[in-house]
Amino acid sequence: MNAYPKIVVSPPGPVARAFLSKDAQFLSPSYARYYPLVVESAQGCIVRDVDGNEYIDLNAGIGCMNVGHNHPKIVDAIKSQCDRFLHYSNTDFYYREVIKLAEKLAGITPGTFEKKACFGNSGTEAIEAAVKLAKWHTRKQLLIGFIGAFHGRTVGALSITASKPVQRRHFLPLMPGVVHVPYPYCYRCPFKLVYPDCHYWCVDFIEEFVLQKFAPPEDLAAIVFEPIQGEGGYIVPPPEYFQRLKKLADKFSILLIDDEVQSGIGRTGKWFAIEHWGIEPDIVCCAKALASGLPLGATIAKAKVMDWLGGSHASTFGGNPVSCSAATAVLDVVKEEKLLDNANKQGDRALKRLRAFGEHSDIVGDVRGKGLMIGMELVEEKDGKKPASKKAADIMTRSWKRGVAVVTCGVSTLRLSPPLTIDCEMLDTALDIVEDVITEVSKET
Ligand SMILES: Cc1ncc(COP(=O)(O)O)c(C=O)c1O
């Protein structure tokens, strides 16, 4: 019998419930929680709640704990940095931790050209920096973003975000100059075409109907994209998509800003997801898993693009030494423990298994992903592809109650993104439970 998961009281248990009522009293109602998991501690791929239940974590703390929870090397790096100093504003002075990390990031981001990094505290700040940099460097105003994208919630990033109406409602107007175009979502092609007979019309459309009609390329600073849409539904573009987009960008001297906040740091079996398409963006943004849960965002650009003047962009805590020490340790652990290989191995196994399962399930419409960034899109019936959002939410909650922490994204997609350290046994146990729950829910209507 497997040691995990371990459910000792049906969640949320009595201790959790007490916290939930305090939470409702004192915390902002803007947080949209998936289910009432109140965390007490976490180690590796296991999360323990305040009532003693232990869950297999297929969320990795929402894409942040790629090296597993509380990895001893990360905790040591944080502790030893805390003993030395906690803060001395990188924006105004110097310290070695941020320089060391910038050099390491330059070595792993795509492209052998010279690079420079600018640090903030979160994903949304990494995007803000990228957008400001693109505008600074090009002296142009317009941006292209994608329908379904999630880039964060500060005003600049939110202007490019187009994932759910609730994220923008009552905050409009936002930053002007953002044009949204369809994302290459082949399972539900926005143009109702079929890959590969579509001949990548979604790229030509940008040139013929956006650039030639209302977004003059001489005013376009950058195209901002997620190489795999995360919050939008774990959507994987087809094989040549980004080569074609790059060709278009090069033709009109438009910069490419690659948002790797969720897909970076090994999540897809490569350091950065865009490597699957073999192109080198001008600017790469990362955060989430970079510092294993400590606040850190990085915007890494071609050195010739990051040419702004002193004072044009910075943040007091951006690149703080504790987060940078954690991040350097994260990059070392990913390498030493060969986590890219494990992400590929476990991801391939999971994809194969879930696709086989999906063929026999009435409600699994599509299974897609790269490495350990895997989405299962749930539908009411396979032919009509009507999104089964209630069923997806049910499957998520029931899986959690049975000891697997998993969440949804998009309209009806179950997202599987465990720590990259997960082994075969633990992943199989988690997938046994998720598949069982899907079968149970599919039989109920
Ligand atoms: C692709 C992507 N970009 C940006 C963000 C925003 O990151 P943060 O919440 O750290 O601001 C997220 C968060 O989920 C994300 O998935």
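## Close-up views of the predicted model

**View A. Glu54, a buried residue with a relative accessibility of 11%.** The model shown in this and the following views is predicted. Glu54 counts as buried because its 11% relative accessibility falls under the 20% limit for that class. Its side chain meets that of Lys6 in a salt bridge, with 3.8 Å from N to O. This pair links distant parts of the chain, since Glu54 belongs to strand β3 while Lys6 sits in the segment before α1 (14-26), 48 residues away. Lys6 is partly exposed, at 36% relative accessibility. Glu54 also forms a salt bridge with Arg48, where the closest N and O atoms are 2.9 Å apart. Arg48 is partly exposed too, and its relative accessible area is 33%.

**View B. An open sheet made of four strands.** The strand order is β1-β2-β3-β13, and the pairing is mixed. At the edges are β1 (39-43) and β13 (404-405), each of which pairs on one side only. Strands of a sheet pair through backbone hydrogen bonds, in either a parallel or an antiparallel sense. How do strands β2 and β3 pair, parallel or antiparallel? Strand β2, residues 46-49, and strand β3, residues 54-57, are antiparallel and are paired over three bridges. Within this part of the sheet, Ile46 stands opposite Ile56 of β3.

**View C. A salt bridge between Arg353 and Asp432.** The closest N and O atoms of this pair are 2.6 Å apart. Elsewhere, salt bridges with shared partners join Lys390, Asp394, Arg398, Arg402, Asp436, Glu440 and Glu444 into one network. In the model as a whole, the count of salt bridges comes to 25.

**View D. A nonpolar surface patch formed by Phe26, Leu27 and Tyr31.** Together, these residues have about 350 Å² of accessible area. Where in the chain is Tyr31? Tyr31 is placed in the loop between α1 and β1. Its relative accessible area is 48%, so Tyr31 is partly exposed.

**View E. His276 and the residues it touches.** His276 is found in the loop that runs between β8 (255-259) and β9 (283-286). At 26% relative accessibility, His276 counts as partly exposed. Which residues does His276 touch, not counting those up to four places away in sequence? They are Thr268, Lys270 and Lys370. For Ala329, the separation from His276 is 53 residues in sequence and 25 Å in space, taken from C-alpha to C-alpha.

**View F. Aromatic pairs, of which the model has 14.** Phe85 and Tyr95 form one of these pairs, which is edge-to-face, with 5.5 Å from centre to centre and 75 degrees between the planes. Phe85 and Tyr95 lie in the loop between α3 (72-84) and α4 (96-108), so their pair ties together parts that are 10 residues apart in sequence. Is Tyr95 buried or exposed? Tyr95 is buried, its relative accessible area being 6%, whereas Phe85 is partly exposed at 23% relative accessibility. A further aromatic pair, between Tyr241 and Phe242, is edge-to-face as well, with a centre-to-centre distance of 5.1 Å and 85 degrees between the planes. Tyr241 and Phe242 are both buried.

**View G. An aromatic cluster that includes Trp201.** Besides Trp201, the members of this one cluster are Phe191, Phe205 and Phe209.

Technical notes:
Residues numbered from 1 in each chain as written. Predicted model: local features only at pLDDT ≥ 70, side-chain atom pairs only at ≥ 80, totals over all residues. Heavy atoms only, no water. Pairing = 2+ DSSP bridges. Helix = DSSP H or I, 4+ residues; strand = E, 2+ residues; numbered from the N terminus. Salt bridge = Lys/Arg side-chain N within 4 Å of Asp/Glu carboxyl O. Buried < 20%, exposed > 50% of the residue type's maximum accessible area, 1.4 Å probe, protein only. Patch = residues over 30% accessible without salt bridge, like charges linked within 9 Å, V, L, I, M, F, W, Y side chains within 5 Å. Areas by Shrake-Rupley, 256 points an atom, 1.4 Å probe, with all protein chains shown as cover. Contact = heavy atoms within 4.5 Å. Phe/Tyr/Trp six-rings, centres within 6.5 Å; stacked < 30°, edge-to-face > 60°.
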